[in-house]
Amino acid sequence: MTEEEFDAFYTAAFPRLVGQLYAFTGDHGEAQDVVQEAFVRAWDRRSSFDAAQAPEAWIRTVATRLAVSRFRRARRWLELVRADTPREQVPGPGPEHVALVAALRELPPAQRLAVVLHHVCDLSVEQIAAETGAPAGTVKARLARGRAALARHLSPEEAETMTGPKEATHAP
């Protein structure tokens with residue numbers, strides 16, 4: 001079969017085969033995929049095809065086998081997924097964590113970075129300065145401003161964990 005004959009055969013047979021495979025698979029996209037794959041395989045063998053040898057039957061057979069193979073692969077995957085033991089449930093973030101993240105989002109990026117690097121990553125002021133390229137005094141100012149802003153956004157208990165315990169004031 002020449003390229004021109006194959007092109008004409010493809011144009012005539014593709015919609016018909018897709019319809020047949022759609023009836024077999026119940027999925028139009030899957031039917032198009034397997035028929036297309038069968039035509040790709042037929043393209044490599046087009047020189048051995050003869051119009052009298054019913055090439056459409058060969059393509060239909062290949063497409064059907066591809067559909068069955070994909071179905072078996074999908075079914076096996078589902079069996080493996082279902083057999084997989086359920087993982088332990090990891091508790092979600094607590095209300096304190098959610099409040100802290102929400103408060104951190106309210107900070108300007110430079111202050112947020114300084115607070116996170118210092119309190120979460122446990123970096124010193126000098127390490128933060130080296131990492132961000134800001135002078136140590138600027139890092140200290142960002143930390144102070146960030147802590148103050150967090151204190152305004154958080155309840156007293158949550159703010160205390162970020163800034164440290166407040167000293168008791170003595171009335172004179």
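**Aromatic contacts and a surface patch**

Guide: Tyr10 has a relative accessible area of 26% and is therefore partly exposed; buried means under 20%, exposed over 50%, and partly exposed in between (1.4 Å probe, protein chains only). This is a predicted model, in which local features need pLDDT of at least 70 and side-chain atom pairs count only at pLDDT 80 or more, while totals for chains, interfaces and linings use all residues. Residues are numbered from 1 along each chain as its sequence is written, and side-chain values use heavy atoms, with hydrogens and water left out.

Visitor: Is Phe39 buried or exposed, and what value shows this?

Guide: Phe39 has a relative accessible area of 2%, so Phe39 is buried. Phe6 is buried too.

Visitor: Why is the pair of Tyr10 and Phe39 called edge-to-face?

Guide: Rings of Phe, Tyr and Trp (its six-membered ring) pair if their centres lie within 6.5 Å; planes under 30 degrees apart are stacked, those over 60 edge-to-face, and the rest tilted. The centres of Tyr10 and Phe39 are 4.7 Å apart and the planes stand at 80°, so the pair is edge-to-face. Because Tyr10 lies in helix 1 and Phe39 in helix 2, the pair ties together parts 29 residues apart in sequence. Helices (H or I, at least four residues) are DSSP runs, numbered from the N terminus.

Visitor: Which aromatic cluster includes these two residues?

Guide: Phe6, Phe9, Tyr10, Phe14, Phe39 and Trp43 form one aromatic cluster.

Visitor: What makes Leu78 count as partly exposed?

Guide: Leu78 has 36% relative accessibility, and therefore counts as partly exposed. Leu78 belongs to helix 3 (residues 55-83).

Key
Helices (H or I, at least four residues) and strands (E, at least two) are DSSP runs, numbered from the N terminus.
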